[in-house]
There are 2 protein chains.
Amino acid sequence: MGSEDNWTSRSHRTAVRIGTAILAGEHPPGAPLHKEADLAAELDVSRNTLREAMKILASKSLVEVSPRRGTTVLPRERWNVLDPDVLDWSTTGLRDGSDLLEELLDTRAVIEPAAAEGAARHGTPADKARIRAAWEVMQSYADSDDIPAKVAVDLDWHIAVASASHNRFLVSIMGSIAHVLGEHLRHLNDREGNYEGNLANHRRVTEAIEASDAATARATMVLLVAQARSDTRRL
Amino acid sequence: MGSEDNWTSRSHRTAVRIGTAILAGEHPPGAPLHKEADLAAELDVSRNTLREAMKILASKSLVEVSPRRGTTVLPRERWNVLDPDVLDWSTTGLRDGSDLLEELLDTRAVIEPAAAEGAARHGTPADKARIRAAWEVMQSYADSDDIPAKVAVDLDWHIAVASASHNRFLVSIMGSIAHVLGEHLRHLNDREGNYEGNLANHRRVTEAIEASDAATARATMVLLVAQARSDTRRL
DNA sequence: CCTGTTGTATTCGTCGGACCAATTGCCGCG
DNA sequence: CGCGGCAATTGGTCCGACGAATACAACAGG
């Protein structure tokens, strides 16, 4: 397994450009964008490519495009924030105060204990092996300075736990917030190293899941997220 | 209803066709689809339109299309199930046994109490007024036989609660599952009428939120979802 | 026989132009 | 002043073309 797409197509890049602009608040909701021909010219792409980009944005409910009325930016409530891309773009234009982080932590505090409980309850041996494997990799990186790698394996572990719950909604939610969570973890990690405590928390959850102890799995995961929250507060 | 909402664009319709086919399991994950030219011919659309449809599906992580390798169906874990469209499509191919309902209830049991608690904690007077208004409309429909209307106002109430939490993730999650939830509610409603009990549950939550009593709001919402679960089990 | 190199065909990515349909908004008529 | 019809605008779709990258096969060398 390796990496994601290093190369982005032109249509995808234009979607990103317009998407980030919208997320950054440059195009107020309800405001009409320029017509396709003009926009294509401005962004220096063909109308075809521009339309493909629009289809992406429309499929995320960021904009609505109707014949003869042009493309309008939808109100914030409408666009689906859980889309990984949308979530991704919103971090780039993330203004500091960022209730986003607080909301992320609240959501994690809700989702992750449920996922841990589900994993303990419904996880197959293979699922549990994957979780343990992820944890062992985490452990092996304990003394490493490779922050991105540490974050990656941390994320792997969380995703493995969610997957083991066999609840597609929880899995998808974790997958969605993974990127934002990754940035958050990176922020925490390169700040200072209470990595041992973090590792120990992960180990407790791992063992509880392996033992199919749903209550303990939930409880330990609650602690883990609470720890993350207090770590965050300290910055 | 017999239907005909066919003023949707052709590209969108194509996306729906392929999307539902994938969700129905006709195209096993990892399997390559036909090349663009062939697929376009099969579906009787131009390659341009087909590509726009593909952009939609790719943006939902249902498929991945790379140059020279063609389009392949991504593994189930990858595609974002919370996308309203994807969620919608998965219900069409939903066979009754389906764990989808069970997973939905599990997710609701996690999300909704948190939303209620958040609403009690962070809800503004306007938010609370909206929740109460929604509940009163629900009440006014108590003796009505207009199932769709009852479902609609029920959904309104739940969405109002989520909105009041001011957590964009919870809001978006509720918005995403609203459609499936609606179908579920319709199923429950036209089965039999314990609408009074349901209404009472909603009232308790509403009042707790109005009183900014987070603990009670959470507890009553837990009961509400549990009631929905037991009602479901009985069918 | 196996391995590394080269060449070619295939397939997606992008482009520009063209036409169609429908809706909007104007304009003239009653 | 209101109403109905006409025309312009704009998105929706199609077509044909070219380019670039690469998977695959043919080939040469060990």
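Select the surface near DNA strand D: by class it holds five nonpolar, eight polar and seven charged residues. For the classes, Ala, Val, Leu, Ile, Met, Phe, Trp, Tyr, Cys and Pro count as nonpolar; Asp, Glu, Lys and Arg count as charged; the others, Gly among them, count as polar.

Before you go on, note that this is a predicted model: local features need pLDDT of at least 70, side-chain atom pairs count only at pLDDT 80 or more, and totals for chains, interfaces and linings use all residues. Residues are numbered from 1 along each chain as its sequence is written, while chains are lettered from A and ligands numbered from 1 in the order in which they are written.

**Next, chain A as a whole.** Count 10 helices and two strands. Follow the sequence and the pattern reads α-α-α-β-β-α-α-α-α-α-α-α. The C-alpha trace spans about 60 × 35 × 30 Å along its principal axes. Of the 235 residues in chain A, 43% are buried.

**Zoom in on Val73(A).** Find Val73(A) in strand 2 (residues 70-73) of chain A. Is Val73(A) buried or exposed? Val73(A) counts as buried because 23 C-beta neighbours lie inside 10 Å. The cut-offs, with C-beta atoms placed from the backbone, are 20 or more others within 10 Å for buried, 12 or fewer for exposed, and partly exposed in between.

Now select Pro28(A). Pro28(A) is 45 residues from Val73(A) along the chain, yet their C-alpha atoms are separated by 7.0 Å. Leaving out residues up to four places away in sequence, Val73(A) also touches others, including Ile22(A), His27(A) and Val63(A).

**Last stop: chain B.** Show both chains. Here 31 residues of chain A are in contact (C-beta atoms, placed from the backbone, within 7 Å) with 29 residues of chain B. Select helix 8 of chain A: it gives the most to this side, with eight residues. By class, the side of chain A that touches chain B has 11 nonpolar, 10 polar and 10 charged residues.

Definitions and conventions:
Two residues are in contact if their C-beta atoms, placed from the backbone, lie within 7 Å. Helices (H or I, at least four residues) and strands (E, at least two) are DSSP runs, numbered from the N terminus.
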